[in-house]
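I open the notebook on this model. The entries below record what I looked up, in the order I went.

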Protein chains: 2
Amino acid sequence: MTDLLKGYTLLLASKSPRRQQLISKLGFDVEVVSIDADEDIDADVLPSDIPGILARRKSMAYSVPIADSHILLTADTLVVLDDKVLGKPSSREEAYSILSALSGKRHQVYTGVCLRAEWGSRVFTEATDVCFKNISDHEINYYLDNYEYMDKAGSYGIQEWIGMVAVERIEGDFYNVMGLPVARIYKEIVDFVKQR
Amino acid sequence: MTDLLKGYTLLLASKSPRRQQLISKLGFDVEVVSIDADEDIDADVLPSDIPGILARRKSMAYSVPIADSHILLTADTLVVLDDKVLGKPSSREEAYSILSALSGKRHQVYTGVCLRAEWGSRVFTEATDVCFKNISDHEINYYLDNYEYMDKAGSYGIQEWIGMVAVERIEGDFYNVMGLPVARIYKEIVDFVKQR
């Protein structure tokens with residue numbers, strides 16, 4: 001980590017162990033905080049704008065004053081296929097139908113991130129294109145039988161079996177698909193701290 | 001894993017724990033075998049052709065008969081910048097100069113893979129483009145001080161700090177940059193077994 005960032009702690013508003021691990025590997029000290037925010041969005045908002053709006057809304061819902069050496073990081077990830085948002089599945093049937101829809105197609109993963117500190121805030125969104133090969137019913141069912149899909153936007157984890165077998169190509173940041181656009185976050189935090 | 005592949009064991013000719021882990025996550029039983037092959041290549045061979053040639057050469061250097069349920073997998077990875085091959089660094093100075101050269105530029109990672117079984121063989125090469133943001137001297141030195149770079153083509157691991165900070169975009173298979181093009185390997189093995 002650059003000297004510039006030494007002494008800063010990221011307050012990460014996410015229950016996802018994957019996100020916690022990614023931020024730690026980036027070299028930051030992390031404290032996990034809990035934030036509840038309404039996730040309703042007007043129907044006319046573009047899918048690609050939603051993650052940034054929700055990331056900022058989560059940030060604003062954190063009412064605790066932010067200490068001098070802390071940066072609050074909130075994020076929201078969306079999977080979009082043919083301009084339609086695919087959320088987290090609420091049942092095995094829904095996960096099956098999401099994965100069938102992704103088979104053989106290109107979709108987008110958007111992560112919106114909001115950084116907020118005592119001296120200001122910024123929001124940005126990173127997009128990654130993901131191309132699935134054709135996956136068989138047998139492969140989908142094998143995945144649903146053996147892996148955790150309920151907590152995942154788009155019903156898949158790129159770091160798991162289904163991601164390794166199905167994803168033949170991505171365009172953009174891999175880690176964005178895993179949960180956070182780490183290279184962009186690092187760069188934005190460096191800028192953000194310099195701006196202070 | 002599809003039923004078709006049950007009962008097969010991959011003989012993986014690689015000392016890399018990353019490669020062993022990737023193949024295991026793909027769902028295969030793995031046995032690691034040791035192969036020594038000459039890696040000299042004529043100077044007029046195109047960089048993109050080298051990994052396939054070396055993967056096949058390693059395969060042919062394995063003289064043990066391959067059992068009925070086994071598939072030998074050999075691979076070779078190359079990093080290419082501006083049509084020049086970047087190998088594994090032999091010193092810290094060389095690693096520094098390789099990473100400086102990658103900074104702010106797009107390079108290619110090629111992995112050649114050879115599958116060989118009792119009933120035949122096949123070779124394929126997967127290419128992934130990797131775009132580095134500008135990295136500072138300070139960031140390069142921080143990486144060289146704290147991470148293992150000597151065993152890595154191009155002096156970096158995309159799954160480590162430097163990869164997370166520097167790689168702003170890839171085009172292709174992420175796992176190919178980590179060591180093996182797993183989606184392609186899975187697909188090729190399914191075809192290979194069907195052809196039997």
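**Entry 1: symmetry.** I laid chain B on chain A and got an RMSD of 0.0 Å, with a turn of 180 degrees and a shift of 0.0 Å along the axis. That is the relation of a two-fold axis. The superposition is by least squares on the C-alpha atoms of residues with pLDDT of at least 70 in both copies. Within chain B, B:Glu171 comes closest to the rotation axis, at 2.2 Å (C-alpha).

**Entry 2: ground rules.** This is a predicted model: local features need pLDDT of at least 70, side-chain atom pairs count only at pLDDT 80 or more, and totals for chains, interfaces and linings use all residues. Residues are numbered from 1 along each chain as its sequence is written, and chains are lettered from A and ligands numbered from 1 in the order in which they are written.

**Entry 3: the fold of chain A.** I find seven helices and seven strands in chain A. Helices (H or I, at least four residues) and strands (E, at least two) are DSSP runs, numbered from the N terminus. Their order from the N terminus is β-α-β-α-β-β-α-β-β-α-α-β-α-α. The radius of gyration of chain A is 17 Å, close to the 16 Å that the globule rule gives for 196 residues, so chain A is as compact as a globular protein of that length. That radius is taken over C-alpha atoms, and the rule is 2.2 Å times the number of residues to the power 0.38. Along the principal axes, the C-alpha atoms of chain A fill a box of roughly 55 × 35 × 25 Å.

I checked burial next. Of the 196 residues of chain A, 43% count as buried. Buried means 20 or more other C-beta atoms within 10 Å of the residue's own, exposed means 12 or fewer, and partly exposed lies in between, with C-beta atoms placed from the backbone. Then contacts, which need C-beta atoms, placed from the backbone, within 7 Å. Among those in chain A between residues at least 6 apart in sequence, 69% join residues at least 24 apart.

**Entry 4: strand β7.** Strand β7 of chain A (residues 167-172) runs antiparallel to β7(B), joined by three bridges. Strands pair if DSSP finds at least two bridges between them. A:Ile170 has B:Gly172 as its bridge partner. A:Gly172 stands opposite B:Ile170. Within chain B, β7(B) also pairs with β6 (residues 120-132), antiparallel, over four bridges. There B:Asp129 is partnered by B:Glu171.

B:Cys131 sits in that strand β6 of chain B. It counts as partly exposed, with 18 C-beta neighbours inside 10 Å. Beyond four places in sequence, B:Cys131 touches B:Arg106, B:Glu168 and B:Arg169. B:Cys131 and B:Arg169 are 38 residues apart in sequence and 5.2 Å apart in space, C-alpha to C-alpha.

**Entry 5: the core.** The largest nonpolar core has 110 residues. Such a core is a set of buried Ala, Val, Leu, Ile, Met, Phe, Trp, Tyr and Cys residues joined through C-beta atoms within 7 Å. Those with the most contacts inside it are A:Leu73, A:Val182, B:Leu73 and B:Val182. I followed A:Val182: leaving aside neighbours within four places in sequence, A:Val182 is in contact with A:Leu22, A:Leu26, A:Tyr175 and B:Met164.

**Entry 6: helix α2 of chain A.** The buried residues of this helix (residues 50-60) include A:Ile50, A:Leu54 and A:Arg56. The buried residues of α2(A) pack against β3 (70-81), β5 (106-117) and β6 (120-132) of chain A.

How values were computed: Contact = placed C-beta atoms within 7 Å.
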